[in-house]
Amino acid sequence: MTDLPQLLARFGAGDALSASRAMSVIERGGDEAESLLDAIYGKTGRAWRIAFTGPGGAGKSSLVDRVIEKERARNRTIGIVAEDPSSPFSGGAILGDRVRMAHAQGDAGVFVRSLASRGSETGLSALAGELADVMDAFGRDVVILESMGVGQVETRVRYMADTVVVVLTPEAGDDVQTMKSGLLEVADVLVVNKSDRPGADALAADLTAVIGLRTSTKDPWAPPVVQTSATEGRGIDALDAALAGHRAHLDEKGRRAARRREALRERVRLLVEERVREDLWRDPTRAARFDGILEAVVGGRTSPYQAARELALP
Amino acid sequence: MNRPIKVLIAKPGLDGHDRGAKVIANALRDAGMEVVYTGLHQTPEMVVDAALQEDVDLVSVSILSGAHMTLLPRVRELMNTRGLADVKLIAGGIIPDADAEALKKLPGIAGIFGPGTSTQDVVKFIQSLFTHRK
């Protein structure tokens, strides 16, 4: 058991070890994790949250490193939550995002936490969002969430951040058409990284054209398409300007608050569903009825839908 | 709920070879551990910063440069002063037997693994340090 009041007191005083231990409490889950999240929630909401997502190997960590450099030059403190996949076979994981984040080293203004996905099927797990809450409550000005490599249909990320950066490489060219629905729809900034490689200009042009076809007028923001080469340091000023542009856009007309409201609605909805699902199967009478009704389904006397209607009743 | 054993694999000092570190990292991953790898040329301060931010259960340093007699006690000392006295520390690399014996006698150094160690020995050793969590 953790001494939560003591941990929270040190956390509130800005102790980095306590922030780290608080994240571990949340990782372990259960009642302690919920108490801690309850206690810090009032301190969240101040940080600018940026999510970096896109296919594996696109250069997300290297770009994050460039953003760290830019934001630290402005004296903004940074928290980073970087998620990598767990092996479905062993449950283990290699968390290697730190290797690319040279500007995070030796600077107390940058706090990096690596996280294994542990069976989560989205690029950023709910746990990643909760660790971002800790970084936010710890007083970090900018919180960057780096997803594991994702495919075309990742869209939940828009509920995790104020600004979503989708990172692609010239090799992704052929996929752009299929990406029209999915990853591209949630992008606030589109990056073509590794733009020193052939095909980068064509991909950037394709992306710009696809975005031009958007018909939704709900948000007048047109995601800029930025070409970068993270390792060579090219295009970083343009990326920085695109991020600042979206930040300024959010600052107008209450857009940030509206976006967060939508995200919170989704988050609470998911938490309720999770709770109801757990309670549902914890009910001993339902568990007892299940086997009998299943036999009727197997025997062809009851359809799966009839069975579900009966079992859903208390 | 417990999370898997979380390990930091670090390469302090100036040597530029991390094949051994990567082999160990893969073996630990395959044994179900979560392994944070930080890359080459870390100072002891950087290693301990990473251990603190990641809240690992164990730090495993790989040293091939011959500087183990200074680097390893330095990492341990910094871990203790930063509040990580409860985090385990082991080392691997090119460490002569006599040095290994001397290092093993230092408080807070749980194990030393020289050339020829099988990865499974390292896995079993680490698991034995955390049997109480299972």
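Guide: Start with strand pairing: two strands pair if DSSP finds at least two bridges between them. Helices (H or I, at least four residues) and strands (E, at least two) are DSSP runs, numbered from the N terminus. Here, strand E1 (residues 6-10) of chain B pairs with strand E3 (residues 58-63) of chain B in the parallel sense, over 4 bridges.

Visitor: What kind of model is this, and how are its parts labelled?
Guide: It is a predicted model: local features need pLDDT of at least 70, side-chain atom pairs count only at pLDDT 80 or more, and totals for chains, interfaces and linings use all residues. Residues are numbered from 1 along each chain as its sequence is written, while chains are lettered from A and ligands numbered from 1 in the order in which they are written.

Visitor: Back to E3(B). Which residue there is the bridge partner of Val7(B)?
Guide: Leu58(B).

Visitor: In what order do the strands of the 6-stranded sheet run?
Guide: The order is E3(A)-E2(B)-E1(B)-E3(B)-E4(B)-E5(B). The sheet is open, and its pairing is parallel. E3 of chain A and strand E5 (111-113) of chain B are the edge strands, each pairing on one side only.

Visitor: How is E3(A) joined to chain B?
Guide: E3(A) pairs with strand E2 (residues 34-37) of chain B, in the parallel sense, over 3 bridges. Leu95(A) has Val36(B) as its bridge partner in E2(B).

Visitor: How many residues of each chain are in contact with the other chain?
Guide: Contact means that the C-beta atoms of two residues, placed from the backbone, lie within 7 Å. By that rule, 27 residues of chain A are in contact with 26 residues of chain B. On the chain A side, helix H2 (16-28), strand E3 (93-95) and strand E4 (110-116) each supply at least two residues. H2(A) gives the largest share, 8 residues.

Visitor: What classes do the residues on that side of chain A fall into?
Guide: Ala, Val, Leu, Ile, Met, Phe, Trp, Tyr, Cys and Pro count as nonpolar, Asp, Glu, Lys and Arg as charged, and the others, Gly among them, as polar. The side of chain A that touches chain B has 10 nonpolar, 12 polar and 5 charged residues.

Visitor: At what angle do H2(A) and H5(A) cross?
Guide: Axes are lines fitted to C-alpha atoms, for helices over the stretch in contact, and angles run from 0 to 180 degrees between N-to-C directions. The axes of H2(A) and helix H5 (residues 126-137) of chain A come within 10 Å and cross at roughly 155 degrees. That makes H2(A) roughly antiparallel to H5(A); the cut-off is over 145 degrees.

Visitor: Which residues of H2(A) meet H5(A)?
Guide: Ala19(A), Ala22(A), Met23(A), Ile26(A) and Glu27(A) do, against Leu127(A), Glu130(A), Leu131(A) and Val134(A).

Visitor: What is the strand order of the 7-stranded sheet in chain A?
Guide: It is E4-E2-E5-E1-E6-E7-E8, an open sheet with parallel pairing. The edge strands are E4 and strand E8 (225-227) of chain A. On average, neighbouring strands are turned by 20 degrees against each other, direction ignored.

Visitor: Which helices pack on that sheet?
Guide: H5(A) is one, touching strand E1 (48-53), strand E2 (78-84), E4 and strand E5 (142-146) of chain A. Its direction makes about 165 degrees with that of E2(A). Helix H7 (residues 236-251) of chain A also packs there, touching E1, E6, E7 and E8 of chain A.

How values were computed
Angles under 35 degrees count as roughly parallel, over 145 as roughly antiparallel, 65 to 115 as roughly perpendicular and the rest as oblique.
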